[in-house]
Amino acid sequence: AAEGADLLKATQLKARKKRLRFQRSKIHDWGLVALEPIEAEDFVIEYVGELIRPRISDIRERQYEKMGIGSSYLFRLDDGYVVDATKRGGIARFINHSCEPNCYTKVISVEGQKKIFIYAKRHISAGEELTYNYKFPLEEKKIPCHCGSRRCRGSLN
Ligand SMILES: Nc1ncnc2c1ncn2[C@@H]1O[C@H](CN(CC[C@H](N)C(=O)O)CC2CN(CCC(c3ccccc3)c3ccccc3)C2)[C@@H](O)[C@H]1O
């Protein structure tokens, strides 16, 4: 808990709002682009959504599949909890996956409330699309990856 609070304070200190914009992506549909340079390890944005329990997320996942909107505004946490950005989400839900990402995610629990923060893995120039590794579990049905990086694994899952 202490570690979470310190990390949250450090994040808030470094969290001078980064100017970001969602726009058409070369990777997939819409993506999130940095409008200003971002330094390595800088806090970029929080993945905001509703924190839902595993059972609820299964029900919603089936709902979204039925509505044909895919389940991927869902950010799965290690303990099975899910942050669902489908209905009430921040623009972080537009960040695409890359096999050589320029950001990484960190889950911090503060007073029992889990928050997902996205940090820069390296210096990001203005105009670059933000990406992180989705770390999707391996599945039979592959989603081809269009990240375009040299060491692309070819699929998201
Ligand atoms: N490297 C990559 N290579 C190939 N594909 C990649 C890569 N990275 C991400 N993706 C794709 O992006 C997905 C993740 N995505 C990241 C952002 C995305 N680019 C986007 O433009 O939304 C968020 C999800 C995309 N979905 C959109 C639903 C939308 C909808 C559905 C049907 C018809 C119209 C609209 C919807 C709208 C309103 C409410 C609910 C759903 C959610 C991955 O699951 C994968 O399909």
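**Exercise 1.** Among contacts in the protein between residues at least 6 apart in sequence, what percentage join residues at least 24 apart?

*Solution.* The model is a predicted one. A contact requires heavy atoms within 4.5 Å. Of the contacts between residues at least 6 apart in sequence, 63% link residues at least 24 apart.

**Exercise 2.** Describe the secondary structure and the overall dimensions of the protein.

*Solution.* Begin with the elements: the protein has 2 helices and 10 strands. Their order along the sequence is α-β-β-β-β-α-β-β-β-β-β-β. The radius of gyration is 16 Å, close to the 15 Å given by the globule rule for 157 residues, so the protein is as compact as a globular protein of that length. Along the principal axes, the C-alpha atoms occupy a box of roughly 40 × 40 × 25 Å.

**Exercise 3.** Determine how strand 9 pairs with strand 3 and with strand 8.

*Solution.* Take strand 3 (residues 43–47) first: 4 bridges connect it, antiparallel, to strand 9 (residues 113–120). Within strand 9, Y119 lies opposite F43. Turn next to strand 8 (residues 103–110), which pairs with strand 9 through 8 bridges, again antiparallel. Here Y119 is the bridge partner of Y104. Lastly, examine the connection: strands 8 and 9 form a hairpin with 2 residues between them. In that turn, E111 has a positive phi of about 50°.

Key: Residues are numbered from 1 along each chain as its sequence is written. This is a predicted model: local features need pLDDT of at least 70, side-chain atom pairs count only at pLDDT 80 or more; totals for chains, interfaces and linings use all residues. Side-chain values use heavy atoms; hydrogens and water are left out. The radius of gyration is taken over C-alpha atoms; the globule rule is 2.2 Å times the number of residues to the power 0.38. Two strands pair if DSSP finds at least two bridges between them.
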